[in-house]
Amino acid sequence: MLTLPLEKPGAARPKLQLSLNKGARFTVQVRWECDADHADDVDVHALEAVNDGAGAKVTELSAVLSTYNTTRMNPRGGVLQTQADGSFQTPSGGLAHSGDMRVQNNSESIVIDGAKIPLGVNEIPILVTVHEADHGDGHDGGEEDEDEPAFGDIDLCVITLTDDAGRELGAYQLSSEFKDFNVVQLGSILLGPDGWEYAAVGRGFNGDFNDVLAHFS
């Protein structure tokens with residue numbers, strides 16, 4: 001597993017103050033663009049995690065908001081029910097996903113409802129993955145990496161945070177530093193004594209989504 005923290009050792013992660021209200025609602029939207037002639041699919045995921053100082057951890061699959069954890073995508077092992085419109089949520093309702101969107105130049109979003117987040121959950125890591133790509137001639141690269149999805153195939157990937165009134169609180173663009181990774185933790189929503197904060201993390205992984213879960217469990 002590869003990791004690429006952007007901050008220097010000992011440096012405090014920059015945080016965006018979101019709300020002093022622990023019951024506040026936020027929307028995290030991930031938008032991607034790719035002008036090349038292939039079908040890259042970017043997915044956004046979130047975890048209802050507990051961080052006691054040793055990193056964010058989840059102990060139950062029901063705390064994993066991911067299309068890979070839905071009854072539609074994974075009928076044998078998915079624990080989250082998929083609704084008719086494709087949306088799904090954690091049992092608490094604290095995290096709700098708009099649904100898998102497998103169309104180029106599109107977006108997916110997650111609504112975080114602070115009033116429904118389970119007691120003890122104090123960190124919500126936000127991750128994006130590149131799903132298996134069917135490449136055409138739009139990107140340079142040899143045959144070896146032609147079937148390997150990575151963020152180098154994505155021209156633009158932006159995370160935007162908005163409040164319940166639709167006001168934009170912050171926007172972050174994924175840089176070219178992550179072109180060789182197929183999973184990136186964009187940041188975490190943190191619950192502290194002063195309410196909610198967003199910390200931009202920037203950590204790249206290579207592997208499948210289970211490899212990522214191993215880092216958080």
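**Salt bridges in the predicted model**

Arginine 167 forms a salt bridge with aspartate 163, with 2.9 Å between the closest N and O atoms. A salt bridge here is a side-chain nitrogen of Lys or Arg within 4 Å of a carboxyl oxygen of Asp or Glu. Arginine 167 is exposed, at 55% relative accessibility. Aspartate 163 is buried, at 13%. The cut-offs for relative accessible area are under 20% for buried and over 50% for exposed, with partly exposed in between (1.4 Å probe, protein chains only).

This is a predicted model, in which local features need pLDDT of at least 70, side-chain atom pairs count only at pLDDT 80 or more, and totals for chains, interfaces and linings use all residues. Residues are numbered from 1 along each chain as its sequence is written, and side-chain values use heavy atoms, leaving out hydrogens and water.

The structure holds 5 salt bridges. One of them joins the side chains of aspartate 113 and arginine 25 (3.4 Å, N to O). Aspartate 113 lies in strand S9 (residues 107–113) and arginine 25 in strand S2 (residues 25–33), 88 residues apart. Strands (E, at least two residues) are DSSP runs, numbered from the N terminus. Aspartate 113 is buried, with a relative accessible area of 7%. Arginine 25 is partly exposed, at 34%.

Arginine 25 also meets aspartate 164 in a salt bridge (3.2 Å, N to O). Aspartate 164 sits in the loop between strand S11 (156–163) and strand S12 (168–173), so the pair ties together parts 139 residues apart in sequence. Aspartate 164 is exposed, at 57% relative accessibility.

Methods. Helix = DSSP H or I, 4+ residues; strand = E, 2+ residues; numbered from the N terminus.
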